[in-house]
Protein chains: 4
Amino acid sequence: MDLADVVPLQPGPDDYAYTFGGRAPVVTVQPGTVVELTTEDCFGGSVRGFGDLPSQVCVFPRLNPVTGPVAVAGAEPGDTLAVHFVEITPARDWGVSSTFPHFGALTTTHTTAMLHPPLEERVWVYEIDVPAGVCRFRARGTDFTADLPLDPMHGTVGVAPAAGETLMSITPGAHGGNMDTPEMRAGTTAYFGVNVEGGLLSIGDGHARQGEGEVCGTAVETAMRTVVVVDLVKGGGPAWPRLEDDRHLMSTGSARPLEDAFRISQHDLVGWTGGLLGLDELDAYQLVSQAGLAPAANVCDTNYTMVAKFPKSVLGGARAYDGLHDRLRATAAAYLRQR
Amino acid sequence: MDLADVVPLQPGPDDYAYTFGGRAPVVTVQPGTVVELTTEDCFGGSVRGFGDLPSQVCVFPRLNPVTGPVAVAGAEPGDTLAVHFVEITPARDWGVSSTFPHFGALTTTHTTAMLHPPLEERVWVYEIDVPAGVCRFRARGTDFTADLPLDPMHGTVGVAPAAGETLMSITPGAHGGNMDTPEMRAGTTAYFGVNVEGGLLSIGDGHARQGEGEVCGTAVETAMRTVVVVDLVKGGGPAWPRLEDDRHLMSTGSARPLEDAFRISQHDLVGWTGGLLGLDELDAYQLVSQAGLAPAANVCDTNYTMVAKFPKSVLGGARAYDGLHDRLRATAAAYLRQR
Amino acid sequence: MDLADVVPLQPGPDDYAYTFGGRAPVVTVQPGTVVELTTEDCFGGSVRGFGDLPSQVCVFPRLNPVTGPVAVAGAEPGDTLAVHFVEITPARDWGVSSTFPHFGALTTTHTTAMLHPPLEERVWVYEIDVPAGVCRFRARGTDFTADLPLDPMHGTVGVAPAAGETLMSITPGAHGGNMDTPEMRAGTTAYFGVNVEGGLLSIGDGHARQGEGEVCGTAVETAMRTVVVVDLVKGGGPAWPRLEDDRHLMSTGSARPLEDAFRISQHDLVGWTGGLLGLDELDAYQLVSQAGLAPAANVCDTNYTMVAKFPKSVLGGARAYDGLHDRLRATAAAYLRQR
Amino acid sequence: MDLADVVPLQPGPDDYAYTFGGRAPVVTVQPGTVVELTTEDCFGGSVRGFGDLPSQVCVFPRLNPVTGPVAVAGAEPGDTLAVHFVEITPARDWGVSSTFPHFGALTTTHTTAMLHPPLEERVWVYEIDVPAGVCRFRARGTDFTADLPLDPMHGTVGVAPAAGETLMSITPGAHGGNMDTPEMRAGTTAYFGVNVEGGLLSIGDGHARQGEGEVCGTAVETAMRTVVVVDLVKGGGPAWPRLEDDRHLMSTGSARPLEDAFRISQHDLVGWTGGLLGLDELDAYQLVSQAGLAPAANVCDTNYTMVAKFPKSVLGGARAYDGLHDRLRATAAAYLRQR
């Protein structure tokens, strides 16, 4: 195997994007390129202590900065842009989380509009210990602490939307975006349908870890040093983002109400697995119904996201995208050996 | 430890209930009693082959029979009825699943009313091999087969509802009922708030296994031989059913839209874990947000059910219900040794 | 026309029901009978001033008392029970409304569970002037007053549910119940599918007037003196309650999320009008789409209710239920002349 | 009163926009200007007969063309852009409606994803008779016809969105857009919060008439000749579009699920009327609950829209926006007299 090209991408403070779409690529890479990139946290790095209330130190809409977009040479509408996460490493020894007025699953919001005043805005600071593999929660109201396992991931990964739309980076949808699923970790390959020339991949919103549902609206937010392999499959662009790791195929859906996010993800998984296994639609529906998993990703963003997971052990010899995930795994391994 | 009382409960064909509430107890047991019970499948055992279409062989509302109700001596409104699943064993070497007209997540239903004709009604028959620990899916349209791991569970477990209501056994709610979560497996303790004298526990709807969401509307349905320990905690009745196994505390919520089921389950988990750890509400909200899991249970029944899971590893020395789960584990172990 | 039988039904304080289903009829009447009945308000008459906070003076589940049930001789499952409202007259010169903890459209509830404390519980007392046709709103925080037109109606009208269920009187559903639509006024005929022998009609929850959506959770609640004609059509029981007045056919749907209530009501209206006009389903879908109205009924109860209205002017000579509404109008007129 | 400036705006076939945002203004007008504009129908005029199936003759995303954007001189973020509809007149003697695959309230869609094939795609052609004030429905499957009252309106009216977003013209939201409410008729003033310099008003999607909910996904679509007065209020930009006619104040909300659209609209109306009447929030909540109307606008678009209406008769002497609606009415009258 030839070594992949390696391209660095380290945006300065003014180089971040806050939308998917509406922005020219900052770099164009060949399919198969390794990109070493850095990302800022969802607060732009401006929340550093208990006194840094996000609603005061962040300026809407400069929230959730993303790195990119990266154009992939040859990507055309209808193609499949693949991005394999080789490494996601916290770039700081601390992360932050917070409540935010009118944001989160257990609070009135601007769309689930109610007459309550907002919940208290509170910041938590986590110590991140990469070698030990933990991040430490410290309660604000008591002296309780707990070490939680690090599980670094990116909340926001996506491409330029269809139909000429430009969407805030906090919105998840058919283009990906702020899906906020913990499945977007190192070892995972994500597949996006290409809507515009070059596809225009952007990545941000690193989480040292995140519970499913991202209930309070934010995870353990931190800057990341991340390595991805970017690749291209001509044609076959999925209607909604798909993920794959060594054990599961995963379809996503982002919509409201949450059952529609569920329906989208399950509908896609039925079609995907049915196609791989040569099953008719009802047989695939049945098989997914008995073999699948269905964790929440986020239930706080402008759309909610559900993930539908199917164990690859049931696939027999069938391989998604002709085994691309395994090839990207090999590229990642070669890169790591060489580095 | 003294051995627990053991009570058999093997209903005949006419002894099943089809509701929660509205029915006198079939037996009253002391707290701590082991109950050895049998359950029929959700079709009443009448779907046995491809030609047994449920809409033809089942008669509404005689669907989803449950065994019980079992009264617990001393249980009063406001108490907590605990049921620990010792064993759940398929009682047949086959199970069935099916689509059903206007039922399931990816079809129009009587409430998500649309102009489409119903999907094809189709039956799948699974071979169940208990010693091997698998059930075999056979596609109907091709010769594809797949062995899926057995993971026996009960879809329907609950008590008599509050407010004098009588609810169909297919409805999940604050009383439990047809929550259809794969977490209701052997090794799990379920906690219900008592609404009427005796609590009136009923159990049914055994699944050889089930995917999260029960997408097509049915799991691998089969009759079960099940052993439970039934116990009582005075007071402390939870507003919504809770579950506990060796690794997780779990809250459930059953409602529509699905985000409300999510909200209920997360809200309860915030209160439950906050109470155990002495955290204020916002600190508990934050901790659950980073440490929790949120799998779908069912997205097909008359209410949808979500599960919120919290790792007991984060609890330190705190124990729910004063360690009742561990004591019921011990009771179960003693029963199994003696049997 | 022969005069209809007239039956009085004036329950004493202990004679009210709090459920649909689970209760024997208090009277059996022949089809075509006029029933002169009284109803208590949703608080059981116990909220009479600013200091009578409902959460303190009402005892769950003794909320929303209904008068009945009335059995209709000859009514069998599958039939259509018709009830025509001849008169609905406030029985007091005052009514009350209130917020109620965890109830209403713009507040967290037990199902839309959030971390906010409940909104302030506040009582408003309205003066009702029947001759003038107004009820007077008095603000609590200022001296603002406004006279609103009286438009008396019943929030809760329904029959015993199917499947042996017993449901709280505050729940709307396929059996009717607490639909809380202002369309349930004098001059309206309501049609219900019969689920049990006798049908078992109950009526309660009088409102001096109500906005669409019943946003805060309660209307101008008052006791009523109400006259209805009860009738029976053999067969043809609608799946969901239907209404008819001199100008509109109306279908209802009660479900969550609100779009499902909308879908149910529109789906039923498409089938109903298509049947009356001999249209195929798509033509009826088109006609309803252009000619129909779709007001909210309630967006606060345990299910939400939408109404789908179709102008009878578009029906040409077609008559629902063979002109039953007109015949009941005539019965009502004869009754009023004779009284 | 001085006569207002009058500006014509008649786009050619290539001059339409298909988004809100992402486009430079085609004209800049002074506050108070009358704009005489033309709009194409939602199909771009390409559906003219039964054989013109929209999915074949329309090219995504060139759907729902809008005329504009019109910049208003001096409009800055935070201001209120007012547009008063003076006249909306069908520009053709025919209109069309259709079903469209995966679009509409009673069909599976790409977000309410199901396994059903799409409903039949069918086109209906309506004769429009402006002098007679009717449009004629002709069934496709039978020879039934019905004359429905003309009630011309614009489904799509809005400004450039916030946060740098560019949204498809078929999406309704806080910026307005494709709200599809029949209330947007001649005589109505609409108020939008300004997000970008000039506001950037666009108008399209004329309907000869539309039922509430736009159930099948399309109304009686036709090209329009429309006259508006465009005006500006410094500051006070509403969070969601508001409407006013001679009888009602109206707030809108566009979201999913439909109860969130309801909540947004009612929440805004509570704040708006409370402010005008000097009521505290709970008193306003109470008053809106008893006096308000809540019709559906659309339950088919990418967001659903509800309207909350409040009778101006209850306002006493209070006037929204200092009586701007009445002044625009006067401007309109002067224009019509002079023309």
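Biologist: What makes the pair B:Arg122 and A:Asp283 a salt bridge?
Modeller: The rule asks for a side-chain nitrogen of Lys or Arg within 4 Å of a carboxyl oxygen of Asp or Glu. The side chains of B:Arg122 and A:Asp283 meet at 2.9 Å, N to O. Between chain A and chain B the count is four salt bridges.

Biologist: Which elements of chain A form the side that touches chain B?
Modeller: Those giving two or more residues are strands S7 (94–98), S8 (123–129), S10 (145–149) and S21 (304–311), with helices H2 (258–277) and H3 (281–291). Helices (H or I, at least four residues) and strands (E, at least two) are DSSP runs, numbered from the N terminus. By class, that side of chain A has 32 nonpolar, 19 polar and nine charged residues. Ala, Val, Leu, Ile, Met, Phe, Trp, Tyr, Cys and Pro count as nonpolar; Asp, Glu, Lys and Arg count as charged; the others, Gly among them, are polar.

Biologist: What do these values rest on, and how are the parts labelled?
Modeller: This is a predicted model: local features need pLDDT of at least 70, side-chain atom pairs count only at pLDDT 80 or more, and totals for chains, interfaces and linings use all residues. Residues are numbered from 1 along each chain as its sequence is written, chains are lettered from A and ligands numbered from 1 in the order in which they are written, and side-chain values use heavy atoms, with hydrogens and water left out.

Biologist: How many residues does the contact take from chain A and from chain B?
Modeller: It takes 60 residues from chain A and 60 residues from chain B. Contact means heavy atoms within 4.5 Å. The area buried between chain A and chain B is about 4800 Å², and carbon and sulfur atoms give 63% of it. Buried area is the accessible area (1.4 Å probe) that two parts lose on being put together, summed over both. There are also 40 residue pairs in polar contact across the interface of chain A and chain B, both residues at pLDDT 80 or more. A polar contact is a pair of N or O atoms within 3.5 Å; within protein, one must be able to donate a hydrogen and the other to accept it, and residues adjacent in sequence count only if both atoms are side-chain atoms.

Biologist: Why do you say that the copies A and B meet through the same surface?
Modeller: Because 100% of the interface residues of chain A are also interface residues in chain B.

Biologist: What does the contact between chain B and chain D take from each chain?
Modeller: It takes 13 residues from chain B and 13 residues from chain D. Together they bury about 1000 Å², 69% of it on carbon and sulfur atoms. In chain B, the residues that lose the most area to chain D are B:Leu106, B:Met114 and B:His116, together 50% of what that side buries. The salt-bridge rule finds zero between chain B and chain D. Polar contacts number eight residue pairs, both at pLDDT 80 or more.

Biologist: Why is A:Leu119 called buried?
Modeller: Buried means under 20% relative accessible area, exposed over 50%, partly exposed in between (1.4 Å probe, protein chains only). A:Leu119 has 16% relative accessibility, so it counts as buried. A:Leu119 lies in the loop between S7 and S8 of chain A. Leaving out residues up to four places away in sequence, A:Leu119 touches A:Leu106, A:Thr107, B:Tyr285, C:Leu115 and C:His116.

Biologist: Is D:His102 buried, partly exposed or exposed, and how do you know?
Modeller: At 24% relative accessibility, D:His102 counts as partly exposed. Its phi is near 60°, a positive value in a residue other than glycine.

Biologist: And where does D:Asp205 lie?
Modeller: D:Asp205 lies in strand S16 (residues 201–207) of chain D. D:Asp205 counts as buried, at 3% relative accessibility.
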